[in-house]
Amino acid sequence: MSSFVTNSVEETEKLGEMLSQKLKGTEVIAFFGGLGMGKTAFTRGLASGLGVREGVSSPTFALVNEYSGKFKIYHFDMYRVNTWDDLYSTGFFDYIDNGVLVIEWSENIEGALPENAIRINISRGENDDSRIFEIEGADFS
């Protein structure tokens, strides 16, 4: 596991961009962490690192946003997903292995995540702007 501390939205985006350079194109990136922890900012940086220049926002109402860059990116919001039927209705399983899946609120679908998912736990740091990212499943060496 790798740990990182960011102290601004810009630093969080840079961390996402750093992870983008490690991707091969079919990863599942699962975020764990509460409201306002930086999941969308991280995703903006990741998408930017893969050539997406604009339009990255939380898919709260759409459930999934699609972005085109070096790889297809499917950005899911699983906040309102509570059952297997809910999960199937998002089309989640159709997207696996067809691009990079970025999943906010992965706590709600943990049993459906592939074993090789990149897991990112986010918690508040020492102040309101500080975040601690603990990343499992990605090699930062």
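## Surface patch

Patches join residues with over 30% relative accessible area and no salt bridge: like charges within 9 Å, nonpolar side chains (Val, Leu, Ile, Met, Phe, Trp, Tyr) within 5 Å. Here Trp-84, Tyr-88 and Phe-93 make a nonpolar surface patch of about 350 Å² (Shrake-Rupley area, 1.4 Å probe, only the protein chains shown as cover). A salt bridge is a Lys or Arg side-chain nitrogen within 4 Å of an Asp or Glu carboxyl oxygen.

This is a predicted model: local features need pLDDT of at least 70 and side-chain atom pairs pLDDT 80 or more, while totals for chains, interfaces and linings use all residues. Residues are numbered from 1 along each chain as its sequence is written, and side-chain values use heavy atoms, without hydrogens and water.

Trp-84 belongs to helix H3, residues 84-89 (helices are DSSP runs of H or I, at least four residues; strands are E runs, at least two; both are numbered from the N terminus). Trp-84 counts as partly exposed because its relative accessibility is 47% (buried is under 20%, exposed over 50%, partly exposed in between).

## The sheet

Seven strands form an open sheet. Their order is S1-S7-S6-S2-S5-S4-S3, and the pairing is mixed (a pair needs at least two DSSP bridges). Strand S1 (2-6) and S3 stand at the edges with a single partner strand each, so one side of each has no neighbour in the sheet. From one strand to the next, the twist averages 20 degrees.

## Strand S4 and its neighbours

What encloses strand S4 (residues 72-77)? The rest of the structure largely does, because five of its six residues are buried. Strand S3 (residues 64-68) runs antiparallel to S4, with five bridges between them. Tyr-67 stands opposite Ile-73 in S4. A hairpin of three residues links S3 to S4.

Strand S5 (residues 100-104) runs parallel to S4, again with five bridges. His-75 has Val-102 in S5 as its bridge partner.

## The helices

Helix H2 (residues 39-49) is also largely enclosed, because eight of its eleven residues are buried. Among them are Phe-42, Leu-46 and Ala-47. The buried residues of H2 pack against helix H1 (9-20) and strands S2 (28-32), S4, S5, S6 (118-124) and S7 (131-136) (contact means heavy atoms within 4.5 Å). After H2 comes Gly-51, with a positive phi near 95 degrees.

H1 lies across S1, S2, S6 and S7 and runs at about 150 degrees to S1 (axes are lines fitted to C-alpha atoms, for helices over the stretch in contact; angles run from 0 to 180 degrees between N-to-C directions).

Terms used:
Buried means under 20% relative accessible area, exposed over 50%, partly exposed in between (1.4 Å probe, protein chains only).
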